[in-house]
Amino acid sequence: MTDDAPWKIGFDTYDPQAEQQREVLFALGNGVVVLRNAAPWSRAGAHHYPGTYLAGAYARFRARINGETVEVESLANLPNPLPLTFRIGDGAWFTLDAAEIIDYRHELDMHDGVARRELTCRWEGRRLRLSVHQFVSMARCGLAGLRVRLVPLGWSGRVEFRAMIDGGVENRNVARYEPYPARHLAPPDAFVEGDAGYVHTRLLGTGTKVVVAQSLAGAHGDANGWSVEHRLCRDAESGVAIDLCKRIEVTAGAAEPARLRSAPDFATLEREHRAAWRTLWDGVGIEADDPDIARPLRFHAFHLLQSVSPLSGALDSGIPARGWHGEGYRGHIFWDEIFVFPFLLARFPDLARSKLLYRWRRLTAAREAARASGHRGAMYPWRSASRGDEVTPRWQWNMLSHHWMRDHTQRARHIGSAVVYNFWHYYLMTGDTEFLASHGAEVILEVARFWASKAERSAEDGRYDIRGVIGPDEFHDRYPGARSPGLENNAYTNLTAVWTLCRALEVLDHVPATAAAALREKLRLGDDELALWDRISRRVRLAFHGDGILSQFEGFERLEPFRSDTLPPRYEGQRLDWALEASGQSANAYQITKQADTLTLFHLFRREEICALIARLGYSFDGDALKRTCHYYFDRTTHRSSLSRVVYAGALAEVDRDASLDLFREALTTDLASKKPQSVAEGVHLGAMGGTLDVLQRRYFGIYPVVDGLRFAPSLPDGLCPMRIRFELRGLTFTAEGREGRVTLTSHASNLRPLAITHPGGECTLKPGESLGAEN
Ligand code: BGC
């Protein structure tokens, strides 16, 4: 990989083995449609996977898995509009895999949202220069452009170009899903109108109509079964460029893809697209002097905005864990959004609000799930797709043992608290009491109600236990030898449940009295119930190890220590839970975690907040115990989830800044320099990407929104300085600038109001145009 300009990332060699990973790294999207950056002459196979996805376009179908009929909801790979190739005379159709490459460059220009391939090669004895230029319009929903430029070098002759939409695609991006049906689309209809062509299909199970269209000026088209193709002949002359510009449209639900017909020409489309990205980048406002810091941060912001953008604001889709870039986790929505929201909230609050609505609209489904499991309130699903019911698969395929393993991750009930965290932080960042009154409060109250019904009072000591759950660490889903799955008193689950109950107890004070009364009436929320929530929020049980370390769950310290010889050497470097199962053991038996679990608490909440929550429960826990807890888990974590390092970076920001910075730097390369290329080939890791931006803003620059303003408590490692971030809080704009040892917060002169700030030196009111400095 080369990084020769602050906004560019590129590769100077062609490596077929790495192509699927690069297709994802350079995937182009606008929050509505995402096209993997496959070469236009490539076909799905061992080295290429041209995928086309629309936000929220899931197919639903049944499958027979391990003797059970299961229902699956899966992001569908749509008809592929990329193919564009050529032949010289009557020769073979060009493909790079069969050419002799002389020079090659594949690059992403994040500033303009454009990907390019520039290469010189020898094809059928002739030298030629090729350049491919692609973008997905950030200005117009569903529209994309692809230009192929061919320059003959030292020869002339007839060249025939062929552009296609391939309707015969399947979902085959993820090898583990091979036992499931691959076809997610109904048989398509293809037809041609002059130089435009259309493939119409429907998503299986939902019936949603999808149309993929192309147009290639002056070309002659044919419908060919499920596909359309356009051909065009040109007389090529040595040294003279031939440009083929294909416009593409991908839409769902709409009756006709009318936009392509009325869309502007290629050059205008691209001009508008670049201008839209300029506006977006103006809103991002993250700058670092060190290009090795600036570039990955931009890369993360870039993919975030390609997954969720102003164009997707009106769509009823969530924030997918793997972007809309691949088929990993089937496009499902997890708790990963908690790591993405802080970036959006501080820059694109309207967009954040539109993505909160995804959860709001699924409140009824969450209520039904709670009721069906014998609880009250709202129980959000661990994995969510179109309807908001639980879509976590029942089985996962162990690629090492070739066994089906029962998937119990739907017991990660902490997802509900994550939803509340996002609604509450939207309120803190924006002060939007109207939205809190109309949407947020109801979600917060209903999730709190779920927690109150899930917590069981112990007759012995009156404490409340939360049983049968799993925490973020998915290596542990039951006690060794236990017949039923689930763990007791997972610290992360219990403390976020307590935090949720506390927010529920105060939320009605933050909305107008009439709205509060109406909500209480609607939810039949009486004083008794509120008093019960208050009681539970003071008596939930936590488990501690003898030395005051907060236990991940009850009994964690009694599990076997994991030793270097626990696994047979042949499984070295393999996914640990699979390897243990393959060798007849179980990860449940060991003190080894997949990812940060307890430590996620110290990432999401400041030290004082977490200590206060634990004190509310009547336990003692101080900064020292927190530090020991961090080190204890650090030594037992495999970082098998992409979220782990970034969460540790956040958790350690106040505890061990050097260790935090090392982890942060690693998190910056999660996808760019991944040690698991196959995983990247299945989609970006959006949670980890958002997480780096969150750690930077919250934990390092110390920007914590609070009810009465802003708590400014920076802890910025010098190694990242100088750098600046701009952010919005309650309609006011601020810049925070870090230079060795100091962060300066400035309220922009254009702000209309002052803001109350609590900072390490005390409290103040920062007026427009004023600055406030704090030691790191
Ligand atoms: C992690 C989860 C995460 C999911 C999607 C899993 O591997 O354990 O915490 O939500 O990936 O990113």
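Predicted model: local features only at pLDDT ≥ 70, side-chain atom pairs only at ≥ 80, totals over all residues.
Eleven names make up the ligand's surroundings. They are Ala 321, Tyr 329, Phe 334, Trp 335, Asp 336, Trp 382, Glu 474, Lys 594, Gln 595, Ser 641 and Leu 643. Sorted by class, this shell holds six nonpolar, two polar and three charged residues.

For Gln 595, a polar side-chain atom sits 2.6 Å from a ligand oxygen. For Trp 335, the distance from a polar side-chain atom to a ligand oxygen is 3.0 Å. For Glu 474, a side-chain N or O atom lies 3.1 Å from an oxygen of the ligand. On its own, the ligand has 310 Å² of accessible area, and the protein covers 94% of that.

## Helix H5

Helix H5 spans residues 337-345. Nine of its nine residues are buried, so the helix is largely enclosed by the rest of the structure.

His 325 lies in the loop that links helix H4 (291-307) to H5. Is this residue buried or exposed? His 325 counts as buried, because its relative accessibility is 0%, and the cut-off for buried is under 20%.

The side chain of His 325 makes a polar contact with the side chain of His 303, at 3.0 Å. Leaving aside residues up to four places away in sequence, His 325 touches residues from several parts of the numbering, including Val 24, Ala 27, Val 34, Arg 36 and Tyr 53. Its contacts also include His 303, Gln 306, Ser 307, Gly 683 and Val 684.

## The N-terminal annotated span

An unreviewed UniProt entry annotates residues 12-217 as "domain: Glycoside hydrolase family 65 N-terminal". This span is 49% strand and 3% helix. Its end C-alpha atoms are 32 Å apart.

Gln 134 belongs to strand S10, residues 126-136. Gln 134 counts as buried because its relative accessibility is 4%. Its side chain makes a polar contact of 3.2 Å with the side chain of Asn 37. Beyond residues up to four places away in sequence, its contacts include Leu 28, Asn 37, Ala 38 and Leu 82. Gly 113, Val 114, Ala 115 and Arg 117 are also among them, as are Gly 145 and Leu 146.

## Two positive phi angles

Glu 124 is not a glycine, yet its phi is positive, at about 50°. It is placed in the loop between strand S9 (114-123) and S10. With 39% relative accessibility, Glu 124 counts as partly exposed.

Arg 524 also has a positive phi, near 50°, and is likewise not a glycine. Where does Arg 524 sit? Its place is the loop between helix H11 (513-523) and helix H12 (527-539). Arg 524 counts as exposed because its relative accessibility is 72%, and exposed requires over 50%.

## Lys 676

Lys 676 occupies the loop between helix H18 (657-668) and helix H19 (677-681). It counts as partly exposed, with a relative accessibility of 32%. What does the side chain of Lys 676 reach? It reaches the backbone oxygen of Arg 640, at 3.1 Å.

Lys 676 can also be placed against Phe 435. Their C-alpha atoms are separated by 41 Å, and the two residues are 241 residues apart along the chain.

The bond from Cys 721 to Pro 722 is cis, and its omega is near -5°. Pro 722 is in the loop between strand S25 (709-712) and strand S26 (723-729).

Note on methods:
Residues numbered from 1 in each chain as written. Heavy atoms only, no water. Near = heavy atom within 4 Å. Polar contact = N/O pair within 3.5 Å; in protein donor to acceptor, adjacent residues only side chain to side chain. Areas by Shrake-Rupley, 256 points an atom, 1.4 Å probe, with all protein chains shown as cover. Nonpolar A, V, L, I, M, F, W, Y, C, P; charged D, E, K, R; others polar. Helix = DSSP H or I, 4+ residues; strand = E, 2+ residues; numbered from the N terminus. Buried < 20%, exposed > 50% of the residue type's maximum accessible area, 1.4 Å probe, protein only. Contact = heavy atoms within 4.5 Å. UniProt positions renumbered as here; feature names shortened; annotations may be inferred.
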